[in-house]
Amino acid sequence: KVVLDFRKKFWKDDLGFVLSDEMIPTWWSQAPLKNNLLTGWAGGPVAARIAAHSDGELLEIALRSLAKIFDTTVAGLKNNLRMSHVFNWSASQTALGAYSYATPASKEALKILNTPLADTVFFAGEGLFEGEYPGTVEAAFRSGTDAASAMMETITG
């Protein structure tokens, strides 16, 4: 994740999320707050491909991505950039690439938490995902989809 604070806003006030095919594919503003922050994010396989880069290299990748998305120049973005911070969870020894993380008891806990209560209460979320890339939006989505499928199977028999 890359957080960029610009001197001057160059996007529309109502900008929410931007999804793209760039190396940093997902961006969001702080709308409805009125500030000049943009957050860029890459997760899953994309994050794995760029994780070995230094924070400076990741900032450059972010600025190149943003320049293409907004049809501007990297130099212009750099001149407008007040501050930045790179959060490289893949390089963090405490996070190891995830917002959530496994413990020695996780395998047994996940079995319990992923079992519906009386076929009426189903749990889902990034922390309950049992596949690759835990602690990501993709993990939350997949966990929710799996829980919804299990719920539908219970309802329809």
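A residue is called buried here when its relative accessible area is under 20%, exposed when that area is over 50%, and partly exposed in between. By that rule, buried residues make up 32% of the 157 residues in the chain of this predicted model. The secondary structure comes to 5 helices and 5 strands, and, read from the N terminus on, the elements follow the order β-β-β-β-α-α-α-β-α-α.

In general, the strands of a sheet pair through backbone hydrogen bonds, either parallel or antiparallel. In this model, 5 strands form an open sheet in the order β2-β3-β4-β1-β5, and their pairing is antiparallel. At the edges stand β2 (17-19) and β5, each of which pairs on one side only. From one strand to the next, the twist averages 15°. Helix α2 packs on this sheet, where it touches β1, β2, β3, β4 and β5, and the direction of α2 makes about 65° with that of β1.

Strand β4 can be followed through its partners on both sides. With β3 it pairs in the antiparallel sense over 4 bridges; Ser29 has Leu38 of β4 as its bridge partner, and Trp28 stands opposite Thr39 in β4. With β1, strand β4 again pairs in the antiparallel sense over 4 bridges, and here the bridge partner of Val2 is Gly40 in β4. Because 4 of its 5 residues are buried, β4 is largely enclosed by the rest of the structure.

Strand β1 also holds Asp5, which counts as buried because its relative accessibility is 14%, under the 20% limit. Leaving aside residues up to four places away in sequence, Asp5 touches Asn36, Leu37, Asn80, Leu81, Arg82 and Met83.

Helix α2, which packs on the sheet, covers residues 55-69, and its 15 residues reach 21 Å from the first C-alpha to the last, close to the 21 Å expected at 1.5 Å a residue. Which residues of α2 are buried? They are Leu58, Leu59, Ile61, Ala62, Leu63, Ser65, Leu66 and Ala67. The buried residues of α2 pack against strands β1 (2-6), β3 (26-29), β4 (37-41) and β5 (81-86), and also against helices α1 (44-50) and α3 (74-80). After α2 comes Asp71, whose phi is positive, near 50°.

A pair of aromatic rings is described by the distance of the centres and the angle of the planes. The structure holds 5 aromatic pairs. One of them joins Phe6 and Phe10 in an edge-to-face arrangement, with 5.0 Å from centre to centre and 85° between the planes. Phe6 is buried, since its relative accessible area is 0%, whereas Phe10, with a relative accessible area of 29%, is partly exposed. Another pair, formed by Phe17 and Trp28, is tilted, with 5.5 Å from centre to centre and 45° between the planes. This pair links distant parts of the chain, as Phe17 lies in strand β2 and Trp28 in strand β3, 11 residues apart. Is Phe17 buried or exposed? With a relative accessible area of 60%, Phe17 is exposed. Ring pairs also link Phe6, Phe10, Trp11 and Phe70 into a cluster.

The last stop is Thr115, which is placed in the loop between α4 (106-113) and α5 (137-156). Its relative accessibility is 43%, and it therefore counts as partly exposed. The side chain of Thr115 reaches the backbone oxygen of Lys111 at 2.6 Å. Thr115 and Ala147 are separated by 32 residues in sequence, and their C-alpha atoms are 9.5 Å apart in space.

Key
Residues numbered from 1 in each chain as written. Predicted model: local features only at pLDDT ≥ 70, side-chain atom pairs only at ≥ 80, totals over all residues. Heavy atoms only, no water. Helix = DSSP H or I, 4+ residues; strand = E, 2+ residues; numbered from the N terminus. Expected span 1.5 Å × (residues − 1). Buried < 20%, exposed > 50% of the residue type's maximum accessible area, 1.4 Å probe, protein only. Contact = heavy atoms within 4.5 Å. Polar contact = N/O pair within 3.5 Å; in protein donor to acceptor, adjacent residues only side chain to side chain. Pairing = 2+ DSSP bridges. Axes fitted to C-alpha atoms, helices over the stretch in contact; angles between N-to-C directions. Phe/Tyr/Trp six-rings, centres within 6.5 Å; stacked < 30°, edge-to-face > 60°.
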